[in-house]
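Open the model in your viewer and keep the selection tool at hand.

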Amino acid sequence: MRRRQLMALVRKDLRLELRTRETIVAMALFAIVVLAILQFGFGTRDDDLTRFVGGLMWVTLAFTAVLGVGRSYVAEREQRVLDGLLVSPVPRTVMMSAKAIAIFLYMTLVEVLVIPLVGIFFVKGPYWESIGWIAIAALLANLCIALSGTLFSGLALFTRARDLILPVLFLPALVPVVIAAAGATHAVAGGPHDMSEWRGYCLFLLAYAILFALVSVATYDAVFDD
Amino acid sequence: MSGGYQYVVAAYAVIWFLLLAYVVVLGARTARIGRQVEAISRMLDRRERTGGDEDGA
Amino acid sequence: MTPSSTTDSTTRIPGERAAVVWGIIATVLVVTSTIGVFLVAPEDADQGVIQRIFYFHVAIALASLVAFAVACVAGILYLRTRNDRWDDVGEASIRIGLLFSVLVVLTGSIWAKASWGTWWVWSDPRLVTYLIVVLIYAAYFVLRSSAEDDRRMRYSAIYAIAGFASVPLSFYSVRVAESFVHPVVFTTSGANMPDSMLIWFVVSLAAMLALFIALLEVDLVGRRSERALRRLALRLENA
C-alpha cells in the first residue's frame, strides 16, 4: 500500500513539474546565470580556474538547490493540492519521500547541464576522464540536498516571509555538503588525482544523508501537525 | 614573554564584557517583571477601593 | 539542575534558589579560573603567552556544545509532551549557546591575529566550524520570529534537533577538508599536556558549564515569572 502511495505522489509531483516545466527551467537558467557571473567575476582575472572547479561548481549548485527546494511546495500551495493531501490518510513520511525524490531528480537534471558547463568554462586540464567520479559525488550530494531540503522547506512552508526564511535555514546546513562535494570534485578534477581523498568526502556525504534521513523521519510528522 | 600579552588580555576582556552584558540584559528583564508586578498590585488596590464585591481572584 | 516544582507558600518562585546557588558557583569558578589561567598556569613552550587564550576558548566551545545538546533534548521532549516548559528550556539554551559560540569565534579570531597576524585563518577547524555553528543557530531565532504560538514551538523544537545534527557534520566536514589540505592539523592543545595545564582546562570548563547552568536557571525563572504575570493580568482584566 505504501509503495503505491509513494509512487503516486512522486508521479503527481513530476507530472506537475513536467507539465509546467517551471521549476526545472528556472533552476537550470539560474545555474547558468550564476556560472556566467562567476566566469565574469573570476575568469577575467585568470584563464585557468581548474584549482577552484570544486568550489565554483558547488557554490552554483548550492544556490540552485535553495531555489529548487523553495519552489517545491509552491505549486501545491497555489493549487490547494496541499490541503487535500493533508486531509487524506497519507502518512507524512510518504509525502516527505515523494518530495525528496522530486528534489533529487531536479538536482540531477540540472547537473547534467552544469557539470559539463563547468568543465568548459573553468577547467583547462583533464576533466572529462574524471566526470564519472564527479557525477557519483554529485549524486550523493543530491541525496543530502534532497533530505535536508525537504525538512527545511517543510519548516519554512507555513512561516511568514517563506522565501527569505528558507535560505537562512537551509544554507548553513548545506555548508558541510558544499565542503565535501567541492572537495570530492577537487580531488579528481582540480589538481593531482587523489582517489582516497574523493572516497573520504563521499563517505562523509553518505553519513550526512543517513543522519538527515533519520532526523527527518523522526520529526516530519510534527511539521504538519495542524 | 610579554609579546602578545595584550591579545590574551583582549580575549578575556571580550569574554567578560559580553557575559556581563548578557547579565545586564537579564537584569533589565527582571526589572521589567518587577514593574509589571507593581502595576498589577496597583490595579488590585484600585479594584479594592472602588467597590467591593466583584469577584477578583 | 531541574528546579523544584513545589509552589512555596513563602512566595518563592520555583527555581529561584537553584538560580542563586548556581550563580554563586559560577561566579566563584569563573574568578578562580581567570586568576589561575593568568597567574598560576605554566607558560606554553611553543606558543608562549598566547596559548592562554585556549583555556577559555576551548571551555566555552565545549559548554556551547552542551547547551545545544540540551536544546536538542528539550526539542525532543517538547515534541513528545507538548509541554511549554521544554520550549523555554530550548530557547534559553540556544540563546546562551549562541552567545558562547560568538565568543568562541571572537576569541579564536584574536588568537589568529596573535599567532598569524591576520584576523582569520582557515587552518583552525574549531574556528571555522563555529562560524557555521553561529549561522545555524542565529537562524533559529529568525525561524522563531516568523511563526507564532504552537507552530513556533514545534518548529523550534524540530530545528533544534536538526541543528544539533548539523554541528558534528559541520565539524567533521571541516576536519576532513583540513586533513587533506594541511596534513599537520592541530595548532591547539595537543594530547600531551602537562597536568599543571590540564587542571586549569578542567577548572575553566567547569566554570563555563556552571555559567551555562546559572544563566539557564535565571532565564527560566524570568520566563516563569513573566508567564505567571501575564496570566494574572489576564484574570484581572477579565474579572
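How many residues of chain C are in contact with chain B, and how many of chain B with chain C? This is a predicted model, and in it 28 residues of chain C meet 26 residues of chain B.

Stay on the chain C side of that contact. Select α2 (53–81), α3 (84–116) and α6 (195–238) of chain C: each supplies at least two residues that touch chain B. Of the elements there, α6(C) gives the most, with eleven residues. Colour this side of chain C by class and you will find 17 nonpolar, five polar and six charged residues.

Next, show chains A and C together. Here 28 residues of chain A are in contact with 26 residues of chain C. On the chain A side, pick α7 (131–157), α8 and α9 (195–223), each of which supplies at least two residues. The largest share, eleven residues, comes from α9(A). By class, this side of chain A divides into 21 nonpolar, four polar and three charged residues.

For the last stop, go to the largest nonpolar core, which has 164 residues. Which of its residues touch the most other members? Select A:A137, A:C144, A:A181 and A:L205. Then highlight helix α8 (residues 162–189) of chain A, which gives the most to this core, with 18 residues.

Finally, centre the view on A:L205. Leaving aside residues up to four places away in sequence, A:L205 touches A:A137, A:L140, A:A141, A:C144, A:V177, A:A180 and A:A181.

Technical notes. Residues numbered from 1 in each chain as written. Chains lettered and ligands numbered in written order. Predicted model: local features only at pLDDT ≥ 70, side-chain atom pairs only at ≥ 80, totals over all residues. Core = buried A, V, L, I, M, F, W, Y, C linked by C-beta atoms within 7 Å. Buried ≥ 20, exposed ≤ 12 C-beta atoms within 10 Å, placed from the backbone. Helix = DSSP H or I, 4+ residues; strand = E, 2+ residues; numbered from the N terminus. Contact = placed C-beta atoms within 7 Å. Nonpolar A, V, L, I, M, F, W, Y, C, P; charged D, E, K, R; others polar.
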